[in-house]
Amino acid sequence: MAQDMQDAANVSAELDAMVCDLIGAFLDDLAAGENPGVVVAIEDAASNRYLAALDEDGEEACLEAATNFISEHKMGLKDEGLGRIARYAIGYTGCVEIDGGYHDALLVSFFETALESGFSAYVLYEGMGAGDGFMWSDPEPAGEETPLI
């Protein structure tokens, strides 16, 4: 088994829950026809969580702001009752190429301090705004990433 797949299998229950919550909320918004922009979720070791949605600039600017937010607040957000960041996830919409075609996808990057590398995944979706007609796939791994903290 490749090293990155071994590391990804060692994701904690806390990181898994945070990423699943982020994906679930994002998919609910997309089903309702709303795109929340770039969403950042951070947690400390006690699982205190803080969420921020960035959507006032273009997606690239918001993605850069999200990565900067994590790096700049790695010691936590005392005003929000959040200690040093132990794990984070960033979610945003985009597309992935599969079999020569492009498909709408929710892209997620995530990391926790117990891992050697950050990881990314994607969830394909169709029918934004279709409510009960909205469809999505299971998350698929997209590779390793350099951690932000």
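Reply: A residue is called buried when its relative accessible area is under 20%, exposed when that area is over 50%, and partly exposed in between, with a 1.4 Å probe and protein chains only. The model is a predicted one, in which local features need pLDDT of at least 70 and side-chain atom pairs count only at pLDDT 80 or more, whereas totals for chains, interfaces and linings use all residues. Residues are numbered from 1 along each chain as its sequence is written, and side-chain values use heavy atoms, with hydrogens and water left out.

A word on confidence comes first. pLDDT is the predictor's confidence in each residue, on a scale from 0 to 100. The protein chain has a mean pLDDT of 90, and 94% of its residues reach 70 or more. Over residues 1-7, however, pLDDT stays under 50, and the model has six contacts there beyond four places in sequence; a contact means heavy atoms within 4.5 Å. Where pLDDT is low, the predicted coordinates should not be read in detail.

Helices (H or I, at least four residues) and strands (E, at least two) are DSSP runs, numbered from the N terminus. Just after α2 comes glycine 33, whose phi is positive, at about 90°.

Which residues of α2 are buried? They are Leu15, Met18, Val19, Leu22, Ile23, Phe26, Leu27, Leu30 and Ala31. These buried residues pack against β1 (38-44), β2 (49-54), β3 (85-98), β4 (101-112), β5 and β6 (135-136). Cysteine 20, by contrast, counts as partly exposed because its relative accessibility is 44%.

The wider setting is a nonpolar core, that is, a set of buried Ala, Val, Leu, Ile, Met, Phe, Trp, Tyr and Cys residues joined through side-chain atoms within 4.5 Å. The largest such core has 40 residues, of which Ile42, Val108 and Phe110 touch the most other members. Two or more residues each are given to this core by α2, β1, α3 (59-72), β3, β4 and β5. Helix α2 provides the largest share, nine residues.

Strand β5, against which the buried residues of α2 pack, covers residues 118-126 and contains serine 120. Serine 120 counts as buried because its relative accessibility is 11%. Leaving out residues up to four places away in sequence, serine 120 touches Val108, Ser109, Phe110, Pro141, Ala142, Gly143 and Glu145. Alanine 121 also lies in β5; at 14% relative accessibility, alanine 121 counts as buried. Its contacts beyond four places in sequence are Leu106, Leu107, Val108, Phe110, Glu140, Pro141 and Ala142.

A pair of aromatic rings is described by the distance of the centres and the angle of the planes. Rings of Phe, Tyr and Trp (its six-membered ring) pair if their centres lie within 6.5 Å, with planes under 30 degrees apart called stacked, over 60 edge-to-face and the rest tilted. Five such pairs are found in the whole structure. The rings of tyrosine 88 and phenylalanine 111 have planes at 45° and centres 5.9 Å apart, so this pair is tilted. Tyrosine 88 in β3 and phenylalanine 111 in β4 are 23 residues apart, and their pairing links distant parts of the chain. Tyrosine 88 is buried, at 3% relative accessibility, and phenylalanine 111 is buried too, at 4%.

The loops between strands complete the picture. Serine 47, in the loop between β1 and β2, has a positive phi near 65° although not a glycine, and is partly exposed at 33%. Aspartate 99, in the loop between β3 and β4, has a positive phi near 50°, again in a residue other than glycine. With 84% relative accessibility, aspartate 99 counts as exposed.
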